[in-house]
Amino acid sequence: MAYTFLPETCFLVILSVSVVLANLPVPKNVRVISINMGVILEWDRPNTSLGNLTYTAEYRSSDDAGFSTVCRNQTERRCDFTQGIHPFGIYVFQVRAERRGETSRWAKTKEFLPDQETVIGGPTVRLVSREGNLEMDIQDPVMKVKDLIEIYSTVGYNIRYWKEGEEDKATVMNDRQQNSLVLIQLEALSRYCVQVQVFIGEFEKTGEFSQATCETTTTDVVLANLPVPKNVRVISINMGVILEWDRPNTSLGNLTYTAEYRCSVGLRGCFQSNAGNCCYQPEPCDAVIGGPAETWRWTFKTLL
């Protein structure tokens with residue numbers, strides 16, 4: 001049987017395929033800025049002359065199935081992720097540009113490990129000149145998340161010190177585990193400067209150096225113009241601690257006294273009194289020693 005096809009019975013079916021084009025380019029130079037466990041995502045404006053751009057930034061940890069949005073439809077080109085970050089996590093960040101319902105593709109970072117990659121700022125350094133030496137106390141930088149000793153199992157310090165004007169001759173001491181020590185064999189009545197950086201041995205990681213802290217040494221010669229106080233004793237009742245002493249053997253009047261105390265790891269305080277006693281309220285040092293309060297050891301000294 002023959003079939004006849006007429007031209008008017010022939011149909012042409014046209015399938016229309018729509019392609020979504022990314023009209024907005026992606027943000028450029030996406031980077032993670034992390035100092036002392038703070039985590040900031042920053043990026044540059046994409047290559048476009050269009051205005052009124054906004055941005056959305058997200059993150060995902062290795063334990064999460066999807067991304068969580070922290071900054072949405074904002075004009076600022078930075079986003080603070082600190083509050084959602086754990087020091088031992090693994091994170092990926094992403095950001096996209098937006099304009100009038102259009103969006104760019106996501107620009108992603110590589111994996112970020114806070115404990116390994118954060119920059120540790122310089123510690124605080126305190127110097128006290130005493131009898132020709134410099135007593136140094138080091139205070140760890142303040143972390144945005146947890147304390148430094150909670151994040152790293154061992155914390156050391158790289159120390160450099162020099163006589164002012166002779167920085168090229170600096171003495172270097174690396175990976176010192178104590179945060180309180182004494183610099184000895186210094187020239188009397190000379191100004192010395194100190195810088196300290198944190199050292200994390202498990203990652204061979206060094207922090208930033210502190211600003212230079214400078215102090216002038218005193219003479220190591222004690223001029224015995226006045227006799228010392230007599231019968232110095234510690235009176236302690238119900239954990240109150242009183243240092244008492246008797247007047248020295250002298251007929252001079254208008255004497256005053258300086259009383260000090262030292263924790264086993266370094267100088268912790270100084271009080272002045274014109275009476276023959278001094279009440280101590282020392283700041284806790286058990287966190288520095290690493291033991292309970294019962295293990296504190298105090299040394300008291302009176303100076304005329």
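Gly-132 is placed in the loop between β9 and β10 of this predicted model. Gly-132 counts as buried because its relative accessibility is 6%. Although Gly-132 and Thr-216 are 84 residues apart in sequence, their C-alpha atoms are 9.2 Å apart in space. The protein chain as a whole has three helices and 22 strands.

**The chain as a whole**

- The protein chain has 304 residues, and buried residues make up 37% of them.
- Among contacts with a separation of 6 or more, 56% are accounted for by residues 24 or more positions apart.

**Nonpolar cores**

- In soluble globular proteins, nonpolar side chains tend to be buried together.
- In this model, the largest nonpolar core has 25 residues. Met-136, Tyr-152, Ile-159, Leu-183, Val-194 and Val-196 are the residues with the most contacts inside this core.
- Two or more residues of this core are given by each of β9 (124-130), β10 (133-139), α2 (148-151), β11 (156-163), β13 (180-183) and β14 (191-200).
- Strand β14 contributes five residues, the largest share of this core.
- A second, separate core has 18 residues, including Tyr-55, Cys-71, Val-95 and Ala-97.
- With neighbours within four places in sequence left aside, Val-194 is in contact with Val-125, Leu-127, Met-136, Ile-159, Arg-160, Tyr-161, Leu-183, Ser-210, Gln-211, Ala-212 and Thr-213.

**Tyr-192 in strand β14**

- Tyr-192 lies in strand β14, and it counts as buried because its relative accessibility is 7%.
- The side chain of Tyr-192 reaches the backbone nitrogen of Glu-187 at 2.9 Å.
- Tyr-192 and Glu-164 are 28 residues apart in sequence, while the distance from C-alpha to C-alpha is 5.3 Å.
- Leaving aside neighbours within four places in sequence, the contacts of Tyr-192 include Leu-127, Leu-134, Tyr-161, Trp-162 and Lys-163. Also among them are Leu-186, Thr-213, Cys-214, Glu-215 and Thr-217.

**Glu-98 in strand β6**

- Glu-98 is found in strand β6, which spans residues 91-99.
- Glu-98 counts as buried because its relative accessibility is 7%.
- A polar contact of 2.6 Å joins the side chain of Glu-98 to the side chain of Thr-56.
- Not counting residues up to four places away in sequence, Glu-98 touches Leu-24, Asn-52, Leu-53, Thr-54, Tyr-55, Thr-56, Asn-73 and Thr-103.

**Aromatic rings**

- A search of the whole structure finds nine aromatic pairs.
- One of these pairs is formed by Tyr-152 and Phe-203. The arrangement is edge-to-face, with 6.3 Å from centre to centre and 85° between the planes.
- This pair links distant parts of the chain, 51 residues apart. Tyr-152 is in the loop between α2 and β11, and Phe-203 is in the loop between β14 and β15 (205-206).
- Tyr-152 is buried because its relative accessible area is 2%, whereas Phe-203 counts as partly exposed at 30% relative accessibility.
- Ring pairs also link Tyr-59, Phe-81, Tyr-91, Phe-93 and Phe-112 into a cluster.
- Arg-160 lies over the face of Phe-209, at 5.9 Å from the ring centre.

**Residues with positive phi**

- Most residues other than glycine have a negative phi.
- Lys-146 has a positive phi of about 65°, although it is not a glycine. Lys-146 lies in the loop between β10 and α2.
- Lys-146 counts as partly exposed because its relative accessibility is 38%.
- Met-239 is likewise not a glycine and has a positive phi of about 70°. Met-239 lies in the loop between β17 (230-237) and β18 (240-246).
- Met-239 counts as exposed because its relative accessibility is 76%, which is over the cut-off of 50%.

Conventions
Residues numbered from 1 in each chain as written. Predicted model: local features only at pLDDT ≥ 70, side-chain atom pairs only at ≥ 80, totals over all residues. Heavy atoms only, no water. Core = buried A, V, L, I, M, F, W, Y, C linked by side-chain atoms within 4.5 Å. Buried < 20%, exposed > 50% of the residue type's maximum accessible area, 1.4 Å probe, protein only. Helix = DSSP H or I, 4+ residues; strand = E, 2+ residues; numbered from the N terminus. Contact = heavy atoms within 4.5 Å. Polar contact = N/O pair within 3.5 Å; in protein donor to acceptor, adjacent residues only side chain to side chain. Phe/Tyr/Trp six-rings, centres within 6.5 Å; stacked < 30°, edge-to-face > 60°. Lys NZ or Arg CZ within 6 Å of the ring centre and 35° of its normal.
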